[in-house]
Amino acid sequence: MGEKRVTGLGISEGIALGKVLIYKSFAAQKTRKFITELEVKAESERLKAAKERIISELEELIAKTEKTLGTEKAGILKGQKSFLDDPAFYPEIEKLILERNYSAEAAVQEVVEKFAEIFAGMDSDYMRERAQDIRDVGRRLLVQLTGEKPFQLTEINEEIILAAEDLTPSETVQLNKKFVLGIIGKIGGKTSHTAILARSLGIPAVLGLGEGFLELKDGDYIILDGSNGLVIINPEEKTLEEYREKVAIEQERNQNLKEIIILPAITRDGKRVEVAANIGTPEEADLALNQGAEGIGLYRTEFLFMSKKEMPSEEEQFKDYRQVAEVMGDKPVIIRTLDIGGDKELPYLNLPQERNPFLGYRAIRIGLEQKELLKIQLRAILRASAYGNLKVMLPMISSLEEFRKVKMIFEEIKDELKALDISFNPKIELGIMIEVPSAALLAPAFAQEVDFFSIGTNDLVQYCLAVDRMNEKVAFLYDHFHPAVLRLIKMVADAAKAAEKWVGMCGGMAGDPLATPLLVGLGLKELSMEAGKIGKIKQIIRKLDARDCQKLAEEVLKLPTTQEVREKLLEYSKANIL
Ligand code: PEP
Ligand code: MG
């Protein structure tokens with residue numbers, strides 16, 4: 001039988017060879033959401049039988065636990081059992097089946113998630129921990145209903161390539177890199193959260209396989225080529241040979257990078273550049289540290305808001321921000337206030353449909369209209385600032401007036417906290433993202449008032465060049481090496497330098513190896529990127545001479561076309577880095 005090739009999106013670089021393990025998460029197991037009217041009675045009996053089996057299972061487990069581990073541990077299980085007697089919980093599941101024709105599995109999932117979120121949003125630690133308990137009860141119910149023991153990702157103890165229709169971010173962070181050699185997904189795009197996590201973990205991945213996913217079977221031997229979005233099922237000997245060679249080269253390269261990850265990024269002539277990570281969840285902070293991050297240059301808080309069905313409370317936000325602050329210790333963590341709108345939706349905010357969402361009601365514009373939302377977030381960040389080295393960053397600022405309004409609110413909240421004797425870092429810095437050309441053009445004025453700048457090239461490029469960053473049709477026009485973009489970056493860097501303010505970059509350009517000499521030459525103090533790229537960028541910086549880079553920047557800034565800029569940088573890389 002010959003080999004078979006299927007293609008998807010190569011979203012995390014690297015090659016993996018191994019056996020496939022098909023993983024079905026509960027979300028994927030939910031095959032049917034609704035049942036017919038005729039099935040309702042049998043469905044509610046099925047649920048009841050499952051509940052009774054769990055009660056006896058839990059009773060047995062409680063007795064055993066009391067003997068072996070003591071009453072405290074048994075108490076946790078007793079608590080789980082009591083959920084099943086709670087008049088608010090089980091009847092609500094039943095109601096969804098009886099009144100809204102939900103399947104038992106779908107009803108369990110819906111109610112469990114609703115309760116878990118209520119618990120997760122409560123003030124006391126004790127109540128918040130109950131969220132995990134209720135999810136556990138839900139898991140037990142689903143095991144009984146589906147008759148399948150759900151396989152836990154943490155149970156993986158041999159080398160495999162994990163194939164799943166879809167993985168949630170919380171499932172992805174459970175993966176043990178020692179055993180999970182690669183990830184394959186039926187759905188998911190380059191910017192999906194799983195994709196970002198896979199890259200942070202440094203696990204090669206191909207997502208968006210679509211129907212090609214169905215070609216995979218448990219135990220198939222495959223090659224996963226994350227750089228080219230390719231999966232080769234049952235490869236022929238010739239192909240295997242070819243890939244084993246590639247793996248050997250890659251391993252040598254990774255070994256070199258591992259040694260570099262722990263070193264600071266200092267140029268040959270002694271100029272230090274901070275290499276930091278962009279993260280979207282608190283869990284990623286640990287991953288970032290492992291990849292050599294010297295700080296968090298961008299914490300995109302919108303993922304916390306997008307993972308909830310309603311606005312996360314101040315407490316919920318505080319908990320996440322504090323966790324990142326504590327994990328990172330003295331290292332700086334830049335928390336960006338909510339950047340929603342554009343391509344990012346938040347159903348519970350009921351944002352209007354817009355003709356040009358990227359030019360509309362987005363980011364700080366929402367914060368300044370829905371002030372309570374902004375205030376709650378700023379208060380949560382300020383409180384968390386007592387636990388580490390936090391800074392606040394505002395997205396999509398386009399005028400000084402906007403910055404001044406936020407600054408006033410920020411100062412008011414500080415006063416309130418002071419009056420209440422709640423601790424925070426009084427010297428916490430407030431900076432802005434430069435992602436709108438007007439802010440870049442006004443950088444000298446901004447530099448008098450803000451504490452720092454971070455250049456967001458993902459948006460700066462789209463606004464400067466009038467190219468929608470999501471539109472494939474005009475993607476060829478989207479390029480951070482466009483001379484007009486470079487001039488804006490230079491203006492910001494020069495303005496920061498003149499005012500002795502700090503300037504970094506957190507857009508995609510910061511992680512582009514071709515851009516590194518130019519960015520060092522322009523005098524950026526920090527480059528923040530997906531954690532998986534840190535080693536490579538540190539390696540490049542350590543080969544550079546900052547004064548030479550400065551000369552390069554001067555020459556590059558004179559070039560009139562994108563192509564000439566690229567050619568010049570490529571030539572420089574070939575001569576100085578490779
Ligand atoms: C940017 O615009 O460059 C940026 C980092 O922000 P985001 O990608 O979240 O819009
Ligand atoms: Mg942006």
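Predicted model: local features only at pLDDT ≥ 70, side-chain atom pairs only at ≥ 80, totals over all residues.
1. The eight-stranded sheet. Eight strands make up an open sheet with mixed pairing, and their order is β1-β8-β7-β3-β4-β5-β6-β2. At the edges lie β1 (4–7) and β2 (9–12), each of which pairs on one side only. On average, neighbouring strands of this sheet are turned by 30° against each other, direction ignored.

2. A helix on the sheet. Helix α9 (residues 237–261) packs on this sheet, where it touches β1, β3 (15–23), β7 (221–225) and β8 (230–233). The direction of α9 makes about 110° with that of β3.

3. The β4 and β5 pair. Within the sheet, strand β4 (residues 160–164) runs parallel to strand β5 (residues 180–185), and the two pair over five bridges. One position can be located on both strands: Ala164 stands opposite Gly185 in β5.

4. Gln174 is found in the loop between α7 (169–173) and β5. Is Gln174 buried or partly exposed? Its relative accessibility is 36%, and Gln174 therefore counts as partly exposed, since that class lies between 20% and 50%. Leaving aside neighbours within four places in sequence, Gln174 is in contact with Leu153 and Thr154. From Gln174 to Gly185 the separation is eleven residues in sequence and 16 Å in space, C-alpha to C-alpha.

5. A buried loop serine. Ser398 lies in the loop between β12 (389–394) and α15 (400–419). With a relative accessibility of 18%, Ser398 counts as buried, because the limit for that class is under 20%. Not counting residues up to four places away in sequence, Ser398 touches Arg365, Val436, Ser438 and Ala439.

6. The structure holds seven aromatic pairs. One of them joins Phe452 and Trp502 in an edge-to-face arrangement, at 5.4 Å centre to centre and with 85° between the planes. This pair links distant parts of the chain, 50 residues apart, with Phe452 in strand β14 (residues 452–455) and Trp502 in strand β15 (residues 502–505). Phe452 has a relative accessible area of 0% and is therefore buried, while Trp502, at 22% relative accessibility, counts as partly exposed.

7. Other ring contacts. Phe83, Phe89, Phe115 and Phe119 are linked by ring pairs into a cluster. Charged side chains also meet rings: the charged end of Lys246 sits over the ring of Tyr243, 4.6 Å from its centre. Arg322 lies over the face of Tyr387, at 4.1 Å from the ring centre.

How values were computed
Residues numbered from 1 in each chain as written. Chains lettered and ligands numbered in written order. Heavy atoms only, no water. Pairing = 2+ DSSP bridges. Helix = DSSP H or I, 4+ residues; strand = E, 2+ residues; numbered from the N terminus. Axes fitted to C-alpha atoms, helices over the stretch in contact; angles between N-to-C directions. Contact = heavy atoms within 4.5 Å. Buried < 20%, exposed > 50% of the residue type's maximum accessible area, 1.4 Å probe, protein only. Phe/Tyr/Trp six-rings, centres within 6.5 Å; stacked < 30°, edge-to-face > 60°. Lys NZ or Arg CZ within 6 Å of the ring centre and 35° of its normal.
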